[in-house]
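Have the viewer at hand, and let us start with the terms.

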Amino acid sequence: MGRQDDLDRIASALAAAGRVVEAFTPGEVDHRRKAGGDPVTEADLAINQVLHERLPQPGEGWLSEETADAPERLSCSRVWVVDPLDGTREFVAGIPEWCISVGLVEDGRAVAGGVLIPSRSQVIVGSRETGVQLNGEPRRTRDLTSLEGVEVLASRSEVGRGEWGVFDDAPFQVKPTGSVALKLALVAAGEADVTWTLVPKHEWDVAAGVALIAAGGGSAWIPGRDEPSFNNERPKLPGLIAAPEALEGPIRELLRTRVESQLDPLR
């Protein structure tokens with residue numbers, strides 16, 4: 001089985017998930033609160049089921065926001081890391097900033113992924129070996145060498161809590177946006193400039209996006225560290241930055257000087 005087979009499986013699963021979500025109307029969906037307070041809808045669960053039916057094959061692991069975690073995945077070389085509906089808050093509120101995210105991890109490394117963004121009629125799929133495609137057309141991260149004037153996609157909730165105030169006088173614009181998987185996919189496909197979060201994220205939030213960023217020629221790293229690994233016993237990362245490769249140095253320096261107190265405990 002080759003990488004193109006993996007990508008075909010991802011594309012097929014996303015297409016099936018897209019058909020499932022068409023039965024739901026964003027902004028008019030009932031939801032309940034999970035133990036941690038996050039919302040979940042019947043759409044999350046229905047998409048999770050169709051992805052689980054189509055993605056893992058014998059010997060492959062599974063990690064999803066909407067499936068009880070099983071330790072068996074830790075012994076698997078290949079693991080599907082999935083968020084059936086990333087941005088459920090936006091989905092419930094009728095804000096078109098949510099997506100369906102599928103990542104494939106091999107030996108702890110995010111190697112392939114796909115993100116379906118229904119509101120934009122976009123499917124972004126790619127791997128480290130094949131590059132990124134948006135609706136079948138090759139794409140890459142943007143050709144940027146300076147933070148001057150760029151647009152940084154930021155978490156809508158983080159901005160609302162005032163956590164981006166430290167960048168008020170920075171030389172870039174901040175655009176509040178929902179789903180982190182959506183933000184990563186847009187940067188990977190050259191539809192946006194840069195994105196980062198210094199808030200902990202689960203692996204299913206970012207696995208597909210990290211694979212897509214690498215496939216698109218960009219860089220993705222944990223604050224104060226290097227590229228993240230996946231399929232960890234505790235599947236949570238302390239944050240994530242993603243950008244065109246040439247901006248990695250400037251962003252690292254910016255974060256070191258602006259939020260050093262936040263980064264130190266993460267090193």
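This is a predicted model: local features need pLDDT of at least 70, side-chain atom pairs count only at pLDDT 80 or more; totals for chains, interfaces and linings use all residues.

## Ground rules

Buried means a relative accessible area under 20%, exposed means over 50%, and partly exposed lies in between, with a 1.4 Å probe and protein chains only.

Residues are numbered from 1 along each chain as its sequence is written, and side-chain values use heavy atoms, with hydrogens and water left out.

## Aromatic pairs

A pair of aromatic rings is described by the distance of the centres and the angle of the planes. Rings of Phe, Tyr and Trp (its six-membered ring) pair if their centres lie within 6.5 Å; planes under 30 degrees apart count as stacked, over 60 as edge-to-face and the rest as tilted.

The structure holds six aromatic pairs. One of them joins Phe91 and Trp98 edge-to-face, at 4.7 Å centre to centre and 75 degrees between the planes; both Phe91 and Trp98 are buried. Trp164 and Phe167 make a tilted pair, with 5.3 Å centre to centre and 55 degrees between the planes. Phe167 is buried too, at 3% relative accessibility. Together with Phe172 and Trp196, Trp164 and Phe167 form one aromatic cluster.

## Strands and hairpins

Helices (H or I, at least four residues) and strands (E, at least two) are DSSP runs, numbered from the N terminus. Two strands pair if DSSP finds at least two bridges between them.

Strand S7 (residues 122-127) runs antiparallel to strand S8 (residues 131-134), with four bridges. Ser127 faces Gly131 of S8, and a hairpin of three residues links S7 to S8. S8 also pairs with strand S9 (residues 137-139), antiparallel through three bridges, and Leu134 has Glu137 of S9 as its bridge partner.

## Positive phi

Most residues other than glycine have a negative phi. Which residue takes a positive phi in the hairpin of S8 and S9? Asn135 does, near 50 degrees, in a hairpin with two residues between the strands.

Asp107, not a glycine either, has a positive phi of about 50 degrees. Asp107 sits in the loop between strand S5 (99-106) and strand S6 (109-117) and is exposed, with a relative accessible area of 66%. Asn231 has a positive phi near 60 degrees in the loop between strand S14 (218-221) and strand S15 (236-237), but Asn231 is buried at 11%.
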